Amino acid sequence: MITRKTMTCALVAFVAAAALTGCADASNATPHQTTFPFGGRTLDVRAHETPTDLVAADRKDIKVTLWFDVKGTNPSSSWSLDGKTLNLRADCSGWADCSARFRVEVPREVKVLRDGRKTDLRGTPSASAK
């Protein structure tokens, strides 16, 4: 015998599963960009486990691009530059699936660290690099 409580729980589970149909895919997301003036010689990029491409470019500022796709609710993203530390965050919580990727273009002469450790710069600058 199926009780009303069992039916309610099954309905809630079905609605939650339907909301997450299809996986989030950052490669299909609309890019969002910002730039930060930067006069330092060393930049420490802290991406908090979000995939991040670090690219040396012919530019004087730091350009950050975020691709962020969320299936569900409660997305959260931020970027900030505090001194020589660039903090990048993109995540979601609750009934959600999210996918994010950052790209950071830095002046060629800047030494770049990833989470405080030496790293190699990879990738090619965008055509719009300054």
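Contact here means heavy atoms within 4.5 Å, and the model in these views is a predicted one.

**View 1. Thr-65 and its surroundings.** Look for Thr-65 in strand E4, which runs over residues 61-72. Setting aside the neighbours within four places in sequence, Thr-65 is in contact with Pro-31, His-32 and Gln-33, and also with Arg-101, Phe-102 and Arg-103. Thr-65 counts as buried because its relative accessibility is 3%, and the cut-off for buried is under 20%.

**View 2. Thr-65 meets Gln-33.** Zoom in on the two side chains: Thr-65 and Gln-33 are joined by a polar contact of 3.4 Å. Gln-33 is also one of the residues on the contact list of Thr-65.

**View 3. An open sheet of five strands.** Reading across, the order is E5-E6-E2-E8-E9, with mixed pairing. The edges are strand E5 (75-82) and strand E9 (117-118), each of which pairs on one side only.

**View 4. E5 alongside E6.** Strand E6 (residues 85-92) and E5 pair in the antiparallel sense, over eight bridges. To get your bearings, find Ser-78: its bridge partner in E6 is Arg-89.

View 5. Over the protein, pLDDT averages 81, and 75% of the residues score at least 70. Confidence is highest in strand E2 (residues 42-46), at 97, and lowest in helix H1 (residues 4-19), at a mean of 50. Over residues 9-20, pLDDT stays under 50, and the model has six contacts beyond four places in sequence for them.

Note on methods. Residues numbered from 1 in each chain as written. Predicted model: local features only at pLDDT ≥ 70, side-chain atom pairs only at ≥ 80, totals over all residues. Heavy atoms only, no water. Helix = DSSP H or I, 4+ residues; strand = E, 2+ residues; numbered from the N terminus. Buried < 20%, exposed > 50% of the residue type's maximum accessible area, 1.4 Å probe, protein only. Polar contact = N/O pair within 3.5 Å; in protein donor to acceptor, adjacent residues only side chain to side chain. Pairing = 2+ DSSP bridges. pLDDT = per-residue confidence, 0-100.
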